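Let's take a walk through this structure, one stop at a time. Have the sequence and the 3D view ready.

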Amino acid sequence: MKFRHVRFHGFGYELPPNVITSDAIEERLARVYEKLKLPQGRLELMSGIKERRFWDRGTRPSDAAVLAGKKAIKASGIPASELECLIFSSVSRDMMEPATASFVHSQLGLPERCLVFDISNACLGFLDGMIFLANMIELGQVKCGLLVAGETAEDLLESTIRSLVADSTLTRKSIKYSFASLTIGSGAVALVMTHEKYSRGLQKFIGGAYRANTRHNELCQGGQSSGSDSQQGSILMATDSEELMKRGIETARDTWHDFLQELAWPPADIDVFFCHQVGQAHARLLFERLGLAPEKNFETLSFMGNTGSVSAPVTMAMGIEQGKFCKGQRAALLGIGSGINCLMLGVEW
């Protein structure tokens with residue numbers, strides 16, 4: 001998968017205002033920790049996540065996406081009236097119908113002649129959206145478009161804490177399936193992409209590679225529950241973190257081989273990596289198995305947590321902002337999502 005004419009034209013992101021530390025979460029789980037004889041500090045020690053951020057109550061995924069979208073449009077310098085495609089790509093959505101992109105489109109005041117839809121693929125949604133939009137640009141179907149993601153993890157964390165506190169049958173083994181849900185954070189990111197003839201010649205989207213290892217699709221599953229702890233039900237997720245990490249990195253290894261062949265990039269020529277971040281152990285093992293230099297990995301995990309589809313692109317946006325990815329360099333976005341799916345994309349500046 002290669003592209004010749006696609007450019008990144010402007011990132012935007014928004015960090016939620018409320019900071020929740022791992023210590024604060026453990027304080028709410030004090031009774032559970034005491035019952036299971038779990039040591040305080042376990043959550044940060046195992047994940048590497050000191051804190052994560054959450055929106056104010058009532059913030060919808062579309063609201064978060066709009067905040068980032070406005071910044072991306074401003075950064076691009078392209079009038080909103082000229083955007084021809086809008087893709088919303090989060091795990092979180094306002095509702096099942098209509099598409100959350102419809103609410104974003106309305107709030108941003110985008111033109112009626114704008115293709116509007118949602119795309120969903122767990123934590124890889126935004127990266128998949130990059131491919132869809134790039135294909136349309138490459139084919140000449142649109143000259144510029146906007147990708148947005150707004151993750152709202154508040155309900156998942158609250159539901160998980162309530163469920164753990166209320167579960168009288170909980171054991172040290174069974175609590176492991178809820179651990180990943182305690183690492184989740186919220187955030188929003190957006191990106192304007194254009195044809196090179198319509199751009200200022202910024203970052204060039206080169207292409208990438210992907211793999212689907214769906215025989216392991218049971219390792220991370222979540223959704224709406226009709227439990228009695230909430231009138232509206234609750235959002236719960238069960239994750240076999242250890243097995244998911246093992247199988248995910250196996251898939252990443254094969255995808256990495258395809259990526260290098262497809263782009264004909266020597267690994268040493270890649271200057272910086274922006275990864276979907278789920279935990280420090282995962283990142284360490286990934287770079288070890290792929291033979292990559294860990295000092296090239298730009299991270300936001302410790303203060304953002306796992307922000308789902310926002311994770312890799314917001315890390316790239318911050319990396320550009322902080323001068324970690326500069327003119328003349330190459331960058332790779334590495335994504336592994338439940339399913340299991342893996343997607344790796346290359347960008348040149």
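Ile340 sits in the loop between strand E13 (330-337) and strand E14 (341-348); helices (H or I, at least four residues) and strands (E, at least two) are DSSP runs here, numbered from the N terminus. The peptide bond joining Gly339 and Ile340 is cis, with omega at about -15°. Before going further, keep in mind that this is a predicted model, where local features need pLDDT of at least 70 and side-chain atom pairs count only at pLDDT 80 or more, while totals for chains, interfaces and linings use all residues. Residues are numbered from 1 along each chain as its sequence is written, and side-chain values use heavy atoms, with hydrogens and water left out.

Another cis peptide bond turns up between Glu97 and Pro98, this time with omega at about 5°. Pro98 belongs to the loop between E4 and H5, and Met96 is in the loop between E4 and H5 too. Is Met96 buried or exposed? It counts as exposed, because its relative accessibility is 84% (buried means under 20% relative accessible area, exposed over 50%, partly exposed in between, with a 1.4 Å probe and protein chains only). If you look for Gln261, 165 residues from Met96 along the chain, you'll find the two C-alpha atoms separated by 39 Å.

Now for helix H4, which covers residues 61-76. Its 16 residues reach 22 Å from the first C-alpha to the last, close to the expected 22 Å at 1.5 Å a residue (the expected span is 1.5 Å times one less than the number of residues). The buried residues of H4 include Pro61, Ala64, Ala68, Ala72 and Ser76. What do the buried residues of H4 pack against? Their partners are the strands E1 (6-14), E4 (85-88), E6 (144-151) and E7 (187-195), along with helix H5 (100-108). Just past the end of H4, Gly77 takes a positive phi of about 75°.

Let's stay with H4 and H5 for a moment. Their axes come within 9 Å and cross at roughly 50°; axes are lines fitted to C-alpha atoms, for helices over the stretch in contact, and angles run from 0 to 180 degrees between N-to-C directions. The two helices, H4 and H5, are therefore oblique to each other (under 35 degrees counts as roughly parallel, over 145 as roughly antiparallel, 65 to 115 as roughly perpendicular, and the rest as oblique). On the H4 side, the contact is made by Ser62, Asp63, Ala65, Val66, Gly69, Lys70 and Ile73, and on the H5 side by Thr100, Phe103, Val104, Gln107 and Leu108; contact means heavy atoms within 4.5 Å.

Strand E7 brings us to Thr194. With 0% relative accessibility, Thr194 counts as buried. Leaving aside residues up to four places away in sequence, Thr194 touches His5, Val6, Arg7, His9, Ile78, Ile137, Lys143, Cys144 and Ser199.

Ala122, in the loop between strand E5 (115-118) and helix H6 (125-138), has a phi near 50°, a positive value in a residue other than glycine. Ala122 is partly exposed, with a relative accessible area of 21%. Ala264 also has a positive phi, about 55°, although it is not a glycine. Look for Ala264 in the loop between helix H8 (241-263) and strand E11 (272-275), where its 57% relative accessibility makes it count as exposed.
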